[in-house]
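Visitor: I have just started learning to read protein structures. Could you walk me through this one?
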Amino acid sequence: MLEVRNLTVRHGYLQALTDINLAVAPGETLAIIGANGAGKSTLLRSVIGLHRPSAGSILLDGRDITALPPHARVRVGIALVPEGRRLFPSLSVEENLLVGHASGRSGSWSVRAVYELFSWMGDRRREPTVHLSGGEQQAVAIGRALMANPQVLLLDELSLGLAPTMVRRIYGVLPELVQKGMAVLLVEQDVAQALRVADRFQCLLEGRTTLEGKPAEATTAKIEAAYFGLAGRSGPGSAA
Amino acid sequence: MNWVNAIAQGILLGGLYALFACGLSLLFGVVRVVNLAHGDFAVLAAYLALVVISTTHVPALLTFVIVAPLFAIFGYGVQRLIIQKSLDVSPLTTLLVTFGLSVVIQNLLLVVASADSHSFDLGSLISAALRVTPELSIGYVPLLIFLTAVVVLTGLQLFLSRSAMGRAIRASADDQEASSIAGVNTRHVFGIAAAIAFATVALAGLALGSSSSFDPSAGPARLVFAFEAVIIGGVGSLWGTLVGGIILGVAQAVGAQIDPSGGVLAGHLVFLAVLALRPQGLIRARLAI
């Protein structure tokens, strides 16, 4: 169980996140949606430890991990598939996966299990990742994160730069992961895609939560309002 | 001395330069730090070997068994406690810090060991040579240094390409942030890379003391040659340091053959020519694979 409590993160003078609360249970998928600059990526990067919060805390199974550096958070069971994939260009496909096991955390994931999940990958394991297409690279990035045997998987903009069919295929592996009891926290600009796979969603606007709920219960109008900040604001000038 | 002999001596000299250069290249390729105190650390290792020789009476050529591991530990400490701290401030700070270390080491050695120059007492080995032909004879000491360089580079290459730590080092060199979120403790990895770099610089210092004399201020000149070998060979390429070292060594030996005082100048000219015509170096950068 991942919990984020009253998280506030600043980038210099800019307040990127303000008082964010969320929780993801094992086997659950929570989608964070929001426009560019809403703080979605900052939230994921804070959970993995790349940003230090100025207030609030991050807990995993009740244990406060706010002070841990990224590699130590991987060891306790959090893994991030970063925005832009961030594969190691001078390493082969298989070596990229093996680096994902650097924490030595035990579990059911291995190089072989990743090759079963993505059947094409085994044949191309010795190739450098620059030879792969965008979708294939995204699959390697997911595989690398799985190699850490995470309890909580963070996915940052999986769809970025990929063709729609490829996006569906990449998201197609998600149910299998969730079924195994993994908690998934994902950030996605493609709102329709995010709502299709998520159990719950949370909408961010300028670093604050403006709407949360289940995809089935939220109307399009409500989501649009929360997404663009058209409602829920009091004071003059918010009549729209 | 004839031309064949000059070229042969130049090639062997390249081994010494490669030993100096590979640690510099590794630290730059992985940690992105230009260690301006690299040559001074080598000289420090040579002085440490003198202490080891006088206290334990170990033969000079075997001091590496003690000096290299000590320098590896020392290197890990220097990386974690000094270089990493300055790296966290800004990359430029590391230049100031390593330059400062260079000044401190030189002056400490001057105070503790005086300005006298030293060299290791290798007995009769220093003048022993393999007579290949009447014109060409190869000294055992330069040959030993060259072979050491080849063994070190081969070992380093195998370590980087085959071991889990080597993989983590390459991953961290590629993308430090991405490797940290993959579970790699990048500070520890940088420490290990520095430990290896310092072990090689210790070997370079011992090779220096075995083949010529050294004094507290001998470091910076060695740093310049190491830089030139790295640039000629290609930044980030381990075998490039050997190629670069050999080209530099041959240029110096041939230059000295033409004019006895022109050796170092010839080396610099070749370096400048490579920098102008092929600034990426002769061997494509791949610390990896």
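Visitor: What is the order of the six strands in the open sheet of chain A?

Guide: The order is 6-7-8-3-9-10, and the pairing is mixed. Strands here are DSSP runs (E, at least two residues) and helices are DSSP runs too (H or I, at least four), numbered from the N terminus. This is a predicted model, in which local features need pLDDT of at least 70, side-chain atom pairs count only at pLDDT 80 or more, and totals for chains, interfaces and linings use all residues. Residues are numbered from 1 along each chain as its sequence is written, with chains lettered from A and ligands numbered from 1 in the order in which they are written.

Visitor: Why do strand 3 and strand 8 of chain A count as joined?

Guide: Two strands pair if DSSP finds at least two bridges between them. Four bridges join strand 3 (residues 29-34) to strand 8 (residues 183-187) of chain A, so they pair, and they run parallel. One bridge partner in strand 8 is A:V187, which faces A:I32.

Visitor: What makes strand 6 and strand 10 of chain A edge strands?

Guide: Strand 6 (78-81) and strand 10 (208-213) of chain A each pair on one side only.

Visitor: How many residues of chain A are in contact with chain B?

Guide: Contact means that the C-beta atoms of two residues, placed from the backbone, lie within 7 Å. By that rule, 21 residues of chain A are in contact with 18 residues of chain B. Helix 2 of chain A gives the most to that side of chain A, with four residues.
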